[in-house]
Amino acid sequence: MVIINVKSVVYQALTAIPEIKQVSTTYPDNLTVFPIAVYNTAHKAYFRDANQQELQTEWTITIDLFLKEGSTTAITNKLMSSFGDMGFSSDVGDSNLAGVNRTVLRFTGVVDNTSHRVFESGRL
């Protein structure tokens, strides 16, 4: 899959899952709408050429998924499939916060800034 703007790709992937009722880059003051996905992205140079032009960028996408009742497994599996299809690797953890189920998904990958393709760190 070709990735041009990682932040918009994350937003599109989250909003493409109809079960997610709210998508945000910031935590709301009150969790009232469920399921909610709060995401952020971070990036750093992975490879620069001799002219210091950044040819590859390593991206980390973190998604906190909150659900009032039930399991986040179905949504988690859809997200893992979606980001996996793009070329990102994943880590998943979960916890319960005062009656709210929380799953933390972390996706990492390197985007080639010329071809706009994703590969896992250390793999072409």
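I began with the contacts of Arg 48: leaving aside residues up to four places away in sequence, Arg 48 touches Gln 53, Glu 54 and Leu 55, where contact means heavy atoms within 4.5 Å. I note here that this is a predicted model, in which local features need pLDDT of at least 70 and side-chain atom pairs count only at pLDDT 80 or more, while totals for chains, interfaces and linings use all residues. Residues are numbered from 1 along each chain as its sequence is written, and side-chain values use heavy atoms, with hydrogens and water left out.

I placed Arg 48 in strand 2; helices (H or I, at least four residues) and strands (E, at least two) are DSSP runs, numbered from the N terminus. Arg 48 counts as partly exposed because its relative accessibility is 40%, given that buried means under 20% relative accessible area, exposed over 50%, and partly exposed in between (1.4 Å probe, protein chains only). I then found that the side chain of Arg 48 reaches the backbone oxygen of Gln 52 at 3.2 Å; a polar contact is a pair of N or O atoms within 3.5 Å, where within protein one must be able to donate a hydrogen and the other to accept it, and residues adjacent in sequence count only if both atoms are side-chain atoms. I also looked up a C-alpha separation, and that of Arg 48 and Gly 93, which are 45 residues apart along the chain, is 33 Å.

Gln 52 itself sits in the loop between strand 2 and strand 3 (54-67), and its phi is near 65 degrees, a positive value in a residue other than glycine. At 52% relative accessibility, Gln 52 counts as exposed.

**Other backbone entries**

I kept in mind that most residues other than glycine have a negative phi, and most peptide bonds are trans. His 116, in the loop between strand 5 and strand 6 (118-119), also has a positive phi near 65 degrees, and at 25% relative accessibility His 116 counts as partly exposed. The peptide bond that joins Phe 34 and Pro 35 is cis, with omega about -15 degrees, and Pro 35 belongs to the loop between strand 1 (22-24) and strand 2 (36-48).

Strand 4 (residues 89-97) and strand 5 (residues 100-112) pair in the antiparallel sense over 9 bridges, two strands being paired if DSSP finds at least two bridges between them. The bridge partner of Asp 91 in strand 5 is Arg 106. Strand 4 and strand 5 form a hairpin with 2 residues between them, and Ala 98 in the turn has a positive phi of about 45 degrees.

**Helices**

Which residues of helix 1 are buried? I listed Val 6, Val 9, Val 10, Ala 13 and Leu 14. They cover an arc of only 130 degrees around the axis, which puts them on the same side of helix 1; the arc is that of the directions from the helix axis to the C-beta atoms. Among the elements that cover these buried residues of helix 1 are strand 1, strand 2 and helix 2. At the start of helix 1, a side-chain oxygen of Asn 5 comes to within 3.1 Å of the backbone nitrogen of Lys 7.

For helix 2 (residues 73-86), I recorded buried residues Ile 75, Thr 76, Leu 79, Phe 83 and Met 86. Seen down the axis of helix 2, these fall within an arc of 100 degrees, so they line one face of the helix. The buried residues of helix 2 pack against helix 1 (6-15), strand 3, strand 4, strand 5 and strand 6. Gly 87, which follows helix 2, has a positive phi near 115 degrees.

**Aromatic pairs**

How many aromatic pairs does a search of the whole structure find? I noted 4 aromatic pairs, where rings of Phe, Tyr and Trp (its six-membered ring) pair if their centres lie within 6.5 Å, and planes under 30 degrees apart count as stacked, over 60 as edge-to-face and the rest as tilted. The rings of Tyr 46 and Phe 119 have centres 6.3 Å apart and planes at 75 degrees, so that pair is edge-to-face. This pair links distant parts of the chain, with Tyr 46 in strand 2 and Phe 119 in strand 6, 73 residues apart. Tyr 46 counts as partly exposed at 35% relative accessibility, whereas Phe 119 counts as buried at 12%.
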